[in-house]
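Here is a short note to read beside the model. Take the points in order and find each residue as you go.

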Amino acid sequence: MQSPLNPISKAETGPDSAVFIYGANRIREGDILYKDFFDHKGPILYLIEVIALSITNRKYSRNLDS
């Protein structure tokens with residue numbers, strides 16, 4: 001129940017998961033994978049993340065200034 005991947009958890013995700021969530025948020029905002037931003041992972045992974053964020057209606061954001 002304390003896992004950051006638990007859907008009802010408020011815990012912060014690890015660095016790898018945060019990259020995928022960031023990419024999924026960019027896709028949800030209308031950006032195009034490999035055109036507007038790049039990651040070496042395949043599009044299926046981002047599709048899963050976009051679906052998960054849409055189902056839970058969550059938007060993860062991190063303060064990149066700290």
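1. The protein has two helices and zero strands. Helices (H or I, at least four residues) and strands (E, at least two) are DSSP runs, numbered from the N terminus. This is a predicted model, in which local features need pLDDT of at least 70, side-chain atom pairs count only at pLDDT 80 or more, and totals for chains, interfaces and linings use all residues. Residues are numbered from 1 along each chain as its sequence is written, and side-chain values use heavy atoms, with hydrogens and water left out.

2. Of the 66 residues in the protein, 27% are buried. Buried means under 20% relative accessible area, exposed over 50%, and partly exposed in between (1.4 Å probe, protein chains only).

3. Look at helix H1, residues 15-28. Its buried residues include Ala18, Phe20, Ile21 and Ala24. The buried residues of H1 pack against helix H2 (43-56), where contact means heavy atoms within 4.5 Å. After H1 comes Gly30, with a positive phi near 105°.

4. How many salt bridges does a search of the whole structure find? It finds two. A salt bridge is a side-chain nitrogen of Lys or Arg within 4 Å of a carboxyl oxygen of Asp or Glu.

5. Asp31 is partly exposed, at 25% relative accessible area. Arg26 counts as buried, at 17%.

6. Another salt bridge joins the side chains of Asp36 and Lys35 (3.9 Å, N to O). Asp36 is partly exposed at 35% relative accessibility. Lys35 is exposed, at 62% relative accessible area.

Definitions and conventions: The expected span of a helix is 1.5 Å times one less than its number of residues.
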